[in-house]
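Try each task before reading its solution.

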Amino acid sequence: MLPGTCIILFCLLASLSPRIRATFNLTLPHHSHKPRPNPEAVVQEVQRSINASISRRQMLSRYIKAQSSCLTGNPIDDCWRCDPNWAANRQRLADCAIGFGSKALGGKGGQIYVVTDSSDHDTANPTPGTLRHAVIQTERLWIIFSSSMTIKLKHELIVNSYKTIDGRGANVQITGGGCITIQYVSNVIIHNVEITKCVPTGNTIIRSSPTHVGFRGKSDGDAISIFDARDIWIDHCTLSSCSHGLIDAIMGSTAITISNNYFSHHDYVMLLGHLDTYAPDSDMQVTIAFNHFGEGLVQRMPRCRRGYFHVVNNDYTQWQMYAIGGSANPTINSQGNRYTAPADPSAKEVTKRVDTGVKDWTDWNWRSEGDVMVNGAFFVPSGAGLTAQFIKAASIEPKSAALIDQLTMNAGTFGGSRDNSVSISTSTGGGGGNGNYSGGGSGSGGGSGSGDIFGMIFGSSAPPPPFSATLISLALSIILIMCTTSSNEGLLSLLL
């Protein structure tokens, strides 16, 4: 009875404080073999959240015009943007995802880390205060930026599990070698950064954690590369002009949401799936929502293999070859999108079955529901898309594509060159300029810097812990001493 009581009390106290959780590193490996959710149920939940958000906006607009001005009907943005003190509770963002990547925690529950140094001089020994130094740490971190900056990477940036890169309150551009690699990890959120002009680099030594540094071959030059990873959310990023893909998710990656991004000036936009013969990609599940596919795009928005892909309420304003392609029998559920075809009469079709004859793809489940076709665009459905496979998913009507302007009006980074929204003020702590950590100044790559990054909150925008960490630690120590020195009756009498 006594050991059980002690364990229960210990666990209860530990659960109360993010600092205590970080101290004991209570995290799980990313490959926990979680069962795949029923994709139709996830689709229904996405539609419920969209419907509820739009209905709330319409209702409030009749009565409270000031409040409704910040509501767009986009359930992700409406979850956090109407809070004037959002910067004091940045980690609320982690509760706002929808779709297959909605379980991505990022750095929720961890410390705030303020990036103060835009340099990337030493990929083997990153300088404290740089983005590279932040993303390789093993503990949960919510990474923000002290000011607007351009980070020119020397080589790919390898992100560890349980990290959020949160560019709100600053204009952050990432460019150069790599760029971002999410490999063999889980629970990563990338929000409100611009990634552009990424080029292949590598054949060098790169650190991926405080305890591991190793040789990396040449990267592809993707903006974001997701490799055998899960619980990933890419939101409100602006992506363009890279050497290979803008977002590639391969090698069994799953539980991904790609939302509110602005894509432009690129050929191979998005690849989801490694090879037609790679069976683990059959488990891939991806939600693509509220994105703007803009000027200068050619193809792969996305190009899918094997898995289940929910494409909902996106605005496709340009493609040169096709918008959505696939091979190896992927399931594609297209709902409430607006497809605007190019002038080229040979490129009006939204869909493309890549390197596959008609007789081989007629039973593939590709479905279009509630999509608006502009300028002669047309979607060729197939398989269960013509019959009853999607009855469950379609039981809640997707919002009309007539609302696309409203749902995608803020796609891309806030405050960027093409942002249509009111800029996000940093007056409430966005950017973390009051951080206690200087980050090592020049970023010479020596790995030294003023300040101890461990056990420290960087910046004034970190949410206060619900209880004093010192008090809770003291209580834990008392319980442990009591458990080891008191008799059953003595301890129970104290507890009672």
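The model is a predicted one.

**Exercise 1.** Are Cys 79 and Cys 96 buried or exposed, and which parts of the chain does the pair link?

Solution. 
- Step 1. Both Cys 79 and Cys 96 are buried.
- Step 2. The sulfur atoms of Cys 79 and Cys 96 are 2.1 Å apart, and the two residues form a disulfide. The cut-off for a disulfide is a sulfur pair within 2.5 Å.
- Step 3. The torsion about the S-S bond of this pair is about -70°, so the disulfide is left-handed.
- Step 4. Cys 79 belongs to helix α5, while Cys 96 is in the loop between α5 and β1; the pair links distant parts of the chain, 17 residues apart.

**Exercise 2.** How many disulfides does a search of the whole structure find? Describe the one formed by Cys 70 and Cys 82.

Solution. 
- Step 1. The search of the whole structure gives three disulfides.
- Step 2. In the disulfide of Cys 70 and Cys 82, the sulfur atoms are 1.8 Å apart.
- Step 3. This link is right-handed, with 115° about the S-S bond.

**Exercise 3.** Which cysteine does a disulfide join to Cys 179, and where do the two lie?

Solution. 
- Step 1. The partner of Cys 179 is Cys 198, with an S to S distance of 2.1 Å.
- Step 2. The disulfide is left-handed because the torsion about its S-S bond is about -105°.
- Step 3. Cys 179 lies in the loop between β6 (172-177) and β7 (180-183), and Cys 198 in strand β9 (residues 194-199), so the pair ties together parts that are 19 residues apart in sequence.
- Step 4. Cys 179 and Cys 198 are both buried.

**Exercise 4.** In what order do the eight strands of the open sheet stand, and which strands are at its edges?

Solution. 
- Step 1. The order is β4-β7-β12-β15-β19-β23-β26-β29, with parallel pairing.
- Step 2. The edge strands are β4 (157-158) and β29 (351-353); each has a single partner strand, so one side of each has no neighbour in the sheet.
- Step 3. β4 pairs with β7 in the parallel sense, over two bridges.
- Step 4. Leu 157 is opposite Ile 180 in β7.

How values were computed: Residues are numbered from 1 along each chain as its sequence is written. This is a predicted model: local features need pLDDT of at least 70, side-chain atom pairs count only at pLDDT 80 or more; totals for chains, interfaces and linings use all residues. Side-chain values use heavy atoms; hydrogens and water are left out. Helices (H or I, at least four residues) and strands (E, at least two) are DSSP runs, numbered from the N terminus. Buried means under 20% relative accessible area, exposed over 50%, partly exposed in between (1.4 Å probe, protein chains only). Two strands pair if DSSP finds at least two bridges between them.
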